[in-house]
Amino acid sequence: MAKRIDVSGLNVYYGDFKAVEDVSMTIEPRSVTAFIGSSGCGKSTFLRTLNRMHEVTPGARAEGKVLLDDLDVYGPDVDPVMVRSEVGMVFQKANPFPTMSIYDNVIAGARLNNRRMSRSEADELVERSLRGANLWEEVKDRLNKPGSGLSGGQQQRLCIARATAVKPSVLLMDEPCSALDPISTLAIEDLIHQLKEDYTIVIVTHNMQQAARVSDRTAFFNLSAPGKPGRLVEMGETNQMFTRPEKKETENYITGRFG
Amino acid sequence: MSLTTTPPPGPGMSATANDLRRGSLPHHFPALLLAATAAVVAGVLLAFSSFGFVLWGLLTAVAYTVIVVTASARVEGGRKARDRLVTSLVYGCFLLAMLPLVSVLWTVLGNGLARFDPYFLSVSMNGVLPSMDAGGAYHAIVGTLAITGMATLISVPIGVMTAVYLVEYAEGRMKRTIMFFVDVMTGIPSIVAGLFVVALWIILFGPGATNGAAGAISLAVLMIPVVVRSSEEMLRLVPQDLREASYALGVPKWRTITKVVLPTSAAGLTTGIMLAIARVIGETAPLILTAGSSAVSINWNLFDGQMMSLPVFIYSQVRMGGAVNYERAWAAALTLILVVMLLFFLARMIGRLFAPKAR
């Protein structure tokens, strides 16, 4: 079930370069938290540290504390592979596995982990996940066709179904709609609204209207200066962030007077 | 709108710089011109009774290129003329490159068909005197398949796993060292690979021990670097996105490699392995040293006694020098080419089976 994330004093490095500096925040369960900020300000990097995905990049490391309920994600005996099955992720570019059918893509998480499942259990999981991603009606007649034959928006929803099929407690979304048309974006946003009943959702977006539409809380990231690490400027209720931000910097960014 | 630079108006081009229209040669002009030049050049050469195919082709090509480029420069302007020039050059190079290939196939077919029949493919040279009008290459086909098959079985796992290590795990000095030695291995002359196995066999089994396994190992030495290199390229082509998608599902790295990376690149890996097989299936020198060159009977056992193979069969038949020997050599060469083509066809089929399907 949905879990709270508590981050304190997190620094992220790529080799010697400090990309994100001293971020502390609390992400509430069963809510949507949006990260906004200009390109390269470290919001995606920070997002990836929440499930230790940054470790895939050579030379990347993080210092600080990320608590998932009471468990320190960076604790000495914590396996990053287990963290990722608890904290799922959806990427900017839809990336269904090209060798697998729609059906196999959805149960990929279970299959690739060699979890044993009866045929009926698998069928049920596929249907439940696809229904959860509002994709079932569109693909139920072609479950055995390759996932890469779907449209961009359908592929992205397939990826969301795939991510939810492993039953994570947190879902991280890294600009999930940036490559989609408005209709598909709307479908995904509706889906995010439904998903927050069961998951903790964190979404990175460049689209401020989107942040305003889908999120309960918003965090604004910015660079202190070019070449300096990114930091968390301000975080608060989305309504308040977009109407009466506390910092001038936030207001400038939100109103488009950014310089 | 202001143009800061205006191209100098070429001949046949409108004087106003803003006119977007240009003259163009008729669509069929190049083909007609080529036919016309070919005919005229042939006529001229015949008139001087000095017709030869090489001279004819060469003069036609030069004349055609000169005319088409000049005509295009006058009618269509400089950029199009350059386009026509490069097009002609590329086609010329293509024909030049095809020439040896077609010539080899033609010669092998012409000379090899005389003796290429079911009989040739189904009997060995056992009990056949070199000058008798009998015997075939069955034992050599068996040897080639057995030796190359074993070499493939040895080198594919080693090669693919090395490539996986290089792409997915290795970094820094270790990676550079391995890549350097793979490159060095690529450069080993095949006879050295043969001598290496001969030396190894002398140490292990004493002098004079020749068998198919020794040949297979010498071929594997040649094959491994080719497999590593091509597999490495194929694995690098797998998008990082797919690996991340798999990691994000909580899938461990080794399963990501075996269940996502390798299946996605399976078609490319198959092609690479086939190219490696094609590279070694025609090797002669290491097999003469390791598997022997005097076997005449069918031998399926890689670990006992000499083993003939198609390239060595060709070599030893040519060495004997009789008319019937030459016929056998050509027929064996044809067989070898057909075996390779058959393998490529199979690989394409397998590759298509694995390839990611779009729809």
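Residues are numbered from 1 along each chain as its sequence is written, and chains are lettered from A and ligands numbered from 1 in the order in which they are written. Because the model is predicted, local features need pLDDT of at least 70 and side-chain atom pairs count only at pLDDT 80 or more, while totals for chains, interfaces and linings use all residues.

Chain A contains 11 helices and 10 strands; helices (H or I, at least four residues) and strands (E, at least two) are DSSP runs, numbered from the N terminus. The radius of gyration is taken over C-alpha atoms, and the globule rule is 2.2 Å times the number of residues to the power 0.38. For the 259 residues of chain A, a compact globule would have a radius of gyration near 18 Å, and the value of 18 Å for chain A agrees. Along the principal axes, the C-alpha atoms of chain A fill a box of roughly 55 × 45 × 30 Å. A residue is buried if 20 or more other C-beta atoms lie within 10 Å of its own, exposed if 12 or fewer, and partly exposed in between, with C-beta atoms placed from the backbone. Of the 259 residues in chain A, 47% are buried. Two residues are in contact if their C-beta atoms, placed from the backbone, lie within 7 Å. Among the contacts in chain A with a separation of 6 or more, 69% are between residues 24 or more positions apart.

An unreviewed UniProt entry annotates residues 5-248 of chain A as "domain: ABC transporter". UniProt positions are given in the numbering used here, feature names are shortened, and annotations may be inferred rather than shown by experiment. Residues 5-248 of chain A are 34% helix and 27% strand, with end C-alpha atoms 27 Å apart.

A:Leu191, in helix H8 (residues 182-195) of chain A, is buried, with 21 other C-beta atoms within 10 Å. Apart from neighbours within four places in sequence, A:Leu191 is in contact with A:Ala133, A:Asn134, A:Arg157 and A:Ile160. A:Ile160 is 31 residues from A:Leu191 along the chain, and their C-alpha atoms are separated by 9.3 Å. A:Asp22 is not a glycine but has a positive phi of about 50 degrees. A:Asp22 lies in strand S2 (residues 17-27) of chain A and is partly exposed, with 14 other C-beta atoms within 10 Å. A:Lys167, also not a glycine, has a positive phi of about 50 degrees. A:Lys167 is placed in the loop between helix H7 (152-165) and strand S7 (170-174) of chain A, and is partly exposed with 16 C-beta neighbours inside 10 Å.

Chain B has 14 helices and 0 strands. The radius of gyration of chain B is 28 Å, well over the 21 Å that the globule rule gives for 359 residues, so chain B is more spread out than a compact globule. The C-alpha atoms of chain B fill a box of roughly 85 × 70 × 40 Å along the principal axes. Buried residues account for 34% of the 359 residues in chain B. Chain B is divided into domain 1 (29-103) and domain 2 (121-354), with bounds from an automatic or database domain assignment. The C-alpha centres of these two domains of chain B lie 42 Å apart.

In an unreviewed UniProt entry, residues 141-347 of chain B carry the annotation "domain: ABC transmembrane type-1". That span of chain B is 80% helix and 0% strand. The regions listed by UniProt (unreviewed entry) as "transmembrane region" in chain B include residues 260-281 and 329-350. Residues 260-281 of chain B are 95% helix, and their end C-alpha atoms lie 31 Å apart. Residues 329-350 of chain B are 100% helix, with end C-alpha atoms 32 Å apart.

Between the chains, 21 residues of chain B are in contact with 25 residues of chain A. On the side of chain B that touches chain A, helix H9 (240-248) and helix H10 (253-264) of chain B are the elements that give two or more residues. The largest share, 7 residues, comes from H9(B).
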